[in-house]
Structure formats: C-alpha cells, structure tokens
Amino acid sequence: MSLEIEAILPNHQLGYSRGIKAVFEHHEELEIAGHIGLKDGKLEDDVHVQTKQALDNINEVLSITGFHAKDIIRVAIFLTDMADYNKVVDEYTKWFLEKGVKNLPSRTTVGIHELPRSAKVEINGFALRRK
C-alpha cells in the first residue's frame, strides 16, 4: 500500500498548513485546518459574514486539491457565543445547499472561550473521495 502526504498552502511562519491531503491506493482524504472568516487580512464583525467567508476559505482548499463541497463528510464548528448557533447553522446550511450538496456532512458544534483575531466562528473539516 502506497501513501502520499501533501501539505496544502503551508505557512511556515505561522506553523501550520491549511490542509493535509493523503492519497491512498483506492481513496483520497483531506484534513482541512480550522478556518476563520478572514478575507484580505480583514475580519468582519457579523457572524453570518464570518461563517460564509470561513466556508469560502475552506472551498479554496477544496479547489486547490480537486475536492468539492460534496466530498466533505465531517465538520466541526467552534463558536465564542452559542447565541450565534442558529445564525451559523442557517448560513452553513445555505452555503452547502448552494454548492449542490444534498447530504450535509456530520457536524459537531462546540462553544469555546476565544478564537484567533477575536473571530466569532472557526470551521474545520474532513473530506473523502474515491480515486
């Protein structure tokens, strides 16, 4: 069994990669790092905007690796205010449906104290596809 590992958009200054792609004999996996709603180095205050941008940032990693939103099978969402839960879920569901995903990925949502850059939401995921 051969295995290839590739770091996606590594940032050595910050000590992480935006994703790790693993290629196996019959399938490929993509571990997607946590993404916040940064766009051009800026973070909007609105949780709807942050959620959509975090997902768009994840979509960039998907595109670079040849994966698609439909390949995501698991997502974790981290919120600094659980009162934003319904807003985030609404934006999340809308984003996946706009991408043509009929079966939404499994999801875990966790309330936490703080996120980098005072973000309100961070999203990571795992994608899988057959070769």
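The lining of the largest pocket draws at least two residues from each of β2 (16-23), β3 and α1 (47-65). Helices (H or I, at least four residues) and strands (E, at least two) are DSSP runs, numbered from the N terminus. The model is predicted, so local features need pLDDT of at least 70 and side-chain atom pairs count only at pLDDT 80 or more, while totals for chains, interfaces and linings use all residues. Residues are numbered from 1 along each chain as its sequence is written, and side-chain values use heavy atoms, with hydrogens and water left out.

The largest pocket has 13 lining residues, and Tyr-16, Gly-34, His-35, Ile-36 and Leu-38 are the ones nearest its centre. Its volume is about 400 Å³. Pockets and cavities are found on a 1 Å grid over the protein atoms alone: a cavity is a set of points where a 1.4 Å probe fits but cannot get out, and a pocket is an open set with protein on both sides within 12 Å along at least five of seven lines; lining residues have an atom within 4 Å of a point. Grid points are joined across faces, edges and corners, and a volume is the space filled by probe spheres set on the points.

How many cavities of 30 Å³ or more does the structure hold? There is one, and the volume of the largest cavity is about 30 Å³. Its lining consists of Ile-32, Leu-55, Ile-58, Ile-72, Val-75, Phe-96, Ile-123, Asn-124 and Gly-125. Two or more of these lining residues come from each of α1, β4 and β6. The most come from β6, which gives three.

Strand β6 (residues 121-130) has seven buried residues among its 10, so the rest of the structure largely encloses it. Here buried means under 20% relative accessible area, exposed means over 50%, and partly exposed lies in between (1.4 Å probe, protein chains only). β6 pairs with β3 in the antiparallel sense over seven bridges, and Glu-29 stands opposite Leu-128 of β6. β4 and β6 also pair in the antiparallel sense, over seven bridges. In this case Ala-76 stands opposite Asn-124, a residue that also belongs to the lining of the largest cavity. Two strands count as paired if DSSP finds at least two bridges between them. In a regular strand the side chains alternate between the two faces of the sheet.

The whole structure contains eight salt bridges, each defined as a side-chain nitrogen of Lys or Arg within 4 Å of a carboxyl oxygen of Asp or Glu. One of them joins the side chains of Arg-74 and Glu-31 at 3.3 Å, N to O. Arg-74 is in strand β4 (residues 72-79) and Glu-31 is in strand β3 (residues 27-35), so this pair ties together parts that are 43 residues apart in sequence. Arg-74 is partly exposed at a relative accessible area of 29%, and Glu-31 is partly exposed at 36%.

Another salt bridge links Lys-94 and Glu-91 at 3.9 Å, N to O. These two residues are three apart in helix α2 (residues 85-98), which means that about one helical turn separates them. Glu-91 is buried at 10% relative accessible area, whereas Lys-94 is partly exposed at 44%. Asp-84 and Lys-87 form a further salt bridge, at 3.9 Å, N to O. Asp-84 is buried at 10% relative accessibility, and Lys-87 is partly exposed at 39%.

Leu-3 sits in the segment before β1 (4-11) and is partly exposed at 45%.

Two loop residues remain. Asp-40, in the loop between β3 and α1, has a positive phi near 55° although it is not glycine, and it is exposed at 71%. Arg-117, in the loop between β5 (106-111) and β6, is likewise not a glycine and has a positive phi of about 60°. Arg-117 is exposed at 55% relative accessibility.
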